[in-house]
Amino acid sequence: MNIKPDDSTIEMLAPGISINEIFLIKATVEVVNPQGAKEYGFGLSGIRRVYSENKSKMLFEAAFDTMKGVVDPVFKLQCNFMAVYKRHENASLSWEQFTDEIALSHLIPYVREFVSNITHRLPCPPLMLPPTNTKAMIDAYLQEQAKSDDNQARPSQELENSIPR
């Protein structure tokens, strides 16, 4: 039996936004107290979108902190990852519909692998990050930003310095 999809099926299957590349932009790792708290606090410390002039490409960068809120951690590990997306001319999905949660969900597997790999090399127990709810992670980040002094949700200074111009 040979089934041919009609045009509406093809449009549903091809939203028209694809990942071109994913990069590790920056990472800092430091063992601070080998006897410290054996816990972690995986969270965002910044998110940012940058569009090309004609809006055909978008850079999405996220800064992560594995010890967010931990008072006396064994180690500190922070990293920034960037995804480069391309939106095709006949795309059925707009950039507005392509949410930060979707983009963040593309980065999380790379962050998990990176954190696991790096912490296996440290003189402390390795950290295996569990599956992550990206919506909850972004909501927590935005709530944090709303509580900040200037009351604006904007990228951290780390992000400002790391995105190539």
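Predicted model: local features only at pLDDT ≥ 70, side-chain atom pairs only at ≥ 80, totals over all residues.
I started on the outward side of H3, where Gln-143 and Lys-147 are exposed.

Next I looked up which residues of H3 are buried, and got Thr-134, Met-137, Ile-138, Tyr-141 and Gln-145. They sit on the same side of H3 because they cover an arc of only 95 degrees around the axis.

What do the buried residues of H3 pack against? I found S2, S3 and H2.

H3 (residues 134-147) has 14 residues and spans 20 Å from first C-alpha to last, close to the 20 Å expected at 1.5 Å a residue. At its start, I noted a side-chain oxygen of Asn-133 within 3.0 Å of the backbone nitrogen of Lys-135.

Then I turned to the sheet. I traced four strands in an open sheet, ordered S1-S4-S3-S2 with antiparallel pairing. The edge strands are S1 (17-31) and S2 (43-51), each pairing on one side only. From one strand to the next, the twist averages 15 degrees.

I followed S1 along S4 (residues 75-87) and counted 13 bridges in the antiparallel sense. Val-29 stands opposite Leu-77 in S4.

Last, the helices on the sheet. H2 (residues 100-119) lies across S1, S2, S3 (57-65) and S4, at about 140 degrees to S4. H3 packs on the sheet as well, touching S2 and S3, with its direction at about 95 degrees to that of S2.

Key
Residues numbered from 1 in each chain as written. Heavy atoms only, no water. Pairing = 2+ DSSP bridges. Helix = DSSP H or I, 4+ residues; strand = E, 2+ residues; numbered from the N terminus. Axes fitted to C-alpha atoms, helices over the stretch in contact; angles between N-to-C directions. Contact = heavy atoms within 4.5 Å. Expected span 1.5 Å × (residues − 1). Buried < 20%, exposed > 50% of the residue type's maximum accessible area, 1.4 Å probe, protein only. Arc of directions from axis to C-beta. Polar contact = N/O pair within 3.5 Å; in protein donor to acceptor, adjacent residues only side chain to side chain.
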